[in-house]
Amino acid sequence: MRVGHISDIHLGWNSYPGPTPSSRFIDISKILDWTAEKLIEEKVDCVLLCGDLFKDAKVMLDRASQEIKSVVQFLRRLSEAGIETIVISGTPSHDSLASYELIKEMQIPRVIIYTQPNTITLPKSFHHISIACLPGLNRSALLTQDEYKGLPPEQVHRIMTDKITQLCMGMAAQMPDDKPKILMAHMTYQGADTGFADLLMQHEPILTREAVAGFDLVCLGHIHRPQQIDGKVFYSGPVERLSFNEEDIKPGFWIHEFASPSSSVLFTSRFIETPARRYKSLNFDEGS
């Protein structure tokens, strides 16, 4: 079984610098087309789309319709190729839950969308692989009691991290132990290389090693730097460079291939780089 793992598409109409209002939107849409073709060519059985489909959560209808249309075209291409696709929402400031619910209402075959934590077991043809889904969460989704009001940010951070750890442990405990367990989430993982975004992620809840201990494979979105951590934890990063902060990254996605039960290795992983637009910095000194 082959699992495609992508995230952080950040579609945005007239929301990036460029020669025209739509130029960067067109870049991202073209890379989505390329990615769909590659996933189909690689004969993946399932795609995990780990959040942040969009750049901004609050947009006008004319812009939202363009962005949703591009996402739906991508999902339909995978669906028509017989690929099961599981989608989770990402950071609340990027992803409007209403957009995800609208796409869900379209009832695209073989596309499952979650905006709240949930678990799913793929059918027999997928060897009963179980997947825990943990979308991006904000504080209000985890901390609603009055007792948390007025607490310092670092203490709220610890409480949210503990709640997420317990949630992940509970989902893993519900899954069959004799089949592979996958966690897909949109969070910062303990020990991840966050790069430039590190300063922006202070006091966010953290996905701890304890939280992922019960899973065989962890597919994450949120950090725009593709990487493998602790053997089984992966960030795919974006499929297209989105700013000069990402000049040095390799945009792309992972393909995780599960081995036969008799193999000594549970899965192998390959990173596929996309033909994304390059960013180039030119540095001028006084003699230039």
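Predicted model: local features only at pLDDT ≥ 70, side-chain atom pairs only at ≥ 80, totals over all residues.
Strands of a sheet pair through backbone hydrogen bonds, either parallel or antiparallel. Here an open sheet is built from 6 strands with mixed pairing, and their order is S5-S6-S7-S10-S12-S11. Strand S5 (118-121) and strand S11 (227-229) each have a single partner strand, so one side of each has no neighbour in the sheet. From one strand to the next, the twist averages 20°. Within the sheet, strand S10 and strand S12 pair in the parallel sense over 3 bridges. Leu220 has Tyr235 in S12 as its bridge partner.

| Strand | Residues |
|---|---|
| S10 | residues 217-221 |
| S12 | residues 233-235 |

**The helix pair**

Two packed helices are described by the angle between their axes and the distance between the axes. For helix H1 (residues 23-41) and helix H2 (residues 61-80), the axes come within 9 Å and cross at roughly 10°. Angles under 35 degrees count as roughly parallel, and H1 and H2 are therefore roughly parallel to each other. On the H1 side the contact includes Phe25, Leu32 and Ile40, and on the H2 side it includes Gln66, Phe74 and Leu78. The residues of this contact divide into 7 nonpolar, 4 polar and 4 charged.

**Ser89**

Ser89 lies in the loop between strand S3 (84-88) and helix H3 (97-105). Is Ser89 buried or exposed? Its relative accessible area is 1%, and buried means under 20%, so Ser89 is buried. Leaving aside neighbours within four places in sequence, Ser89 is in contact with several residues, among them Gly51, Asp95, Tyr100, Pro135 and His186.

Terms used
Residues numbered from 1 in each chain as written. Heavy atoms only, no water. Pairing = 2+ DSSP bridges. Helix = DSSP H or I, 4+ residues; strand = E, 2+ residues; numbered from the N terminus. Axes fitted to C-alpha atoms, helices over the stretch in contact; angles between N-to-C directions. Buried < 20%, exposed > 50% of the residue type's maximum accessible area, 1.4 Å probe, protein only. Contact = heavy atoms within 4.5 Å. Parallel < 35°, antiparallel > 145°, perpendicular 65-115°, else oblique. Nonpolar A, V, L, I, M, F, W, Y, C, P; charged D, E, K, R; others polar.
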